[in-house]
Amino acid sequence: MKLRRSERMVVISNYLINNPYKLTSLNTFATKYEAAKSSISEDIAIIKKAFEESNIGEIETLTGASGGVIFTPSISREEAIAIVEDLCQKLSENNRILPGGYIYLSDLLSTPKILQNIGRIIANAFKGQKIDAVMTVATKGVPLANAVANILNVPFVIVRRDLKITEGSTVSVNYASASSDRIEKMFLSKRSLQPNSRVLIVDDFLKGGGTITGMISLLSEFDSHLVGVAVFAENAKEEREQMAYKSLLKVSEIDVKNNKVVVEVGNIFNDM
């Protein structure tokens, strides 16, 4: 398919954005668009400059026989903070408090644009680290994990609290649930995760940390390694064991009597 340079740069840009973290050889583009490899290199250089100046992402060029280009998405600190501050306002609405002191999140975690932005922010927080899979627990964490995995271009695996025959053979661990004050069990299909995988755990809301501790225990059963933990929101008042994690939002107060929620920006920007 023979294209003019301007047309070629548009389709190459689109390809890179839709295939993040994937190494693609220059020969692939040269063959597909019937252009010299040197012309493709010039195209990539122009796209690289535009992407970096616009905070779309970074393009790395690897030399050698097995070389090519890799696109890593990014988001500026200013844009990310603006997105999270808007989420703080949405989560602070007084009609979000549910019986038992829970907070209604489903509308936010079912909005595609919000999920896409959350995925961009979390993926950017772990940029530069090798991640083979994203792990979450059913069910509310699934859209979040999907969004993050989509940006990282890796699979996501779903840990379940109930055994399903469709999962095949499973591995299970017991964990202490902070919400119910009892020992519960979680399951993961043996086919879900390859040994020695580097895994990012993502969850919607962090209270006592029992669910995340359980998922970390599952990783050891698969001889896999924890890269980090990211949560959409954390309850700052909840007591929990010492745990390293990144949060987008921090719920510092839930006043059920006065129907009031106080939400602040989480710790995810501390290292950005």
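**Notebook: overall fold, cores and largest pocket**

I began with the contacts between residues at least 6 apart in sequence, and I noted that 60% of them join residues at least 24 apart. I keep in mind throughout that this is a predicted model.

I then turned to the interior. In soluble globular proteins, nonpolar side chains tend to be buried together. Here I found that the largest nonpolar core holds 44 residues, and that Leu91, Ile118, Ile122, Phe232 and Leu249 have the most contacts inside it. At least two residues of this core come from each of helix H4 (77-91), helix H5 (112-125), helix H6 (141-152), E9, strand E10 (225-235), strand E11 (246-255) and strand E12 (260-265). Apart from this core lies another one, of 23 residues, and I listed Tyr175, Leu193, Val199 and Leu218 among them.

Which residues does leucine 249 contact, once its neighbours within four places in sequence are left aside? I wrote down Val84, Leu87, Cys88, Leu91, Phe232, Ala233, Glu234, Val263, Glu264 and Gly266.

I also checked serine 252, which lies in strand E11. Is serine 252 buried or exposed? Its relative accessibility is 14%, and because buried means under 20%, serine 252 counts as buried. The side chain of serine 252 is joined to that of glutamate 264 by a polar contact of 3.0 Å. Not counting residues up to four places away in sequence, serine 252 touches Ala236, Lys237, Val262 and Glu264. I note that Glu264 is also in the list of contacts of leucine 249.

My last entry concerns the largest pocket, for which I recorded a volume of about 640 Å³. It is lined by 29 residues, of which Arg161, Asp204, Phe205, Lys207 and Thr211 are the closest to its centre. Strand E4 (102-103), strand E7 (170-177), strand E9 (198-206) and helix H7 (210-221) are the elements that give two or more residues to the lining, and the largest share, four residues, comes from E9. By kind, I counted twelve nonpolar, eleven polar and six charged residues in the lining of the largest pocket.

Terms used
Residues numbered from 1 in each chain as written. Predicted model: local features only at pLDDT ≥ 70, side-chain atom pairs only at ≥ 80, totals over all residues. Heavy atoms only, no water. 1 Å grid on protein atoms, 1.4 Å probe; cavity = no way out; pocket = protein on both sides within 12 Å on 5 of 7 lines; lining within 4 Å. Points joined across faces, edges and corners; volume = space filled by probe spheres on them. Nonpolar A, V, L, I, M, F, W, Y, C, P; charged D, E, K, R; others polar. Core = buried A, V, L, I, M, F, W, Y, C linked by side-chain atoms within 4.5 Å. Buried < 20%, exposed > 50% of the residue type's maximum accessible area, 1.4 Å probe, protein only. Contact = heavy atoms within 4.5 Å. Polar contact = N/O pair within 3.5 Å; in protein donor to acceptor, adjacent residues only side chain to side chain.
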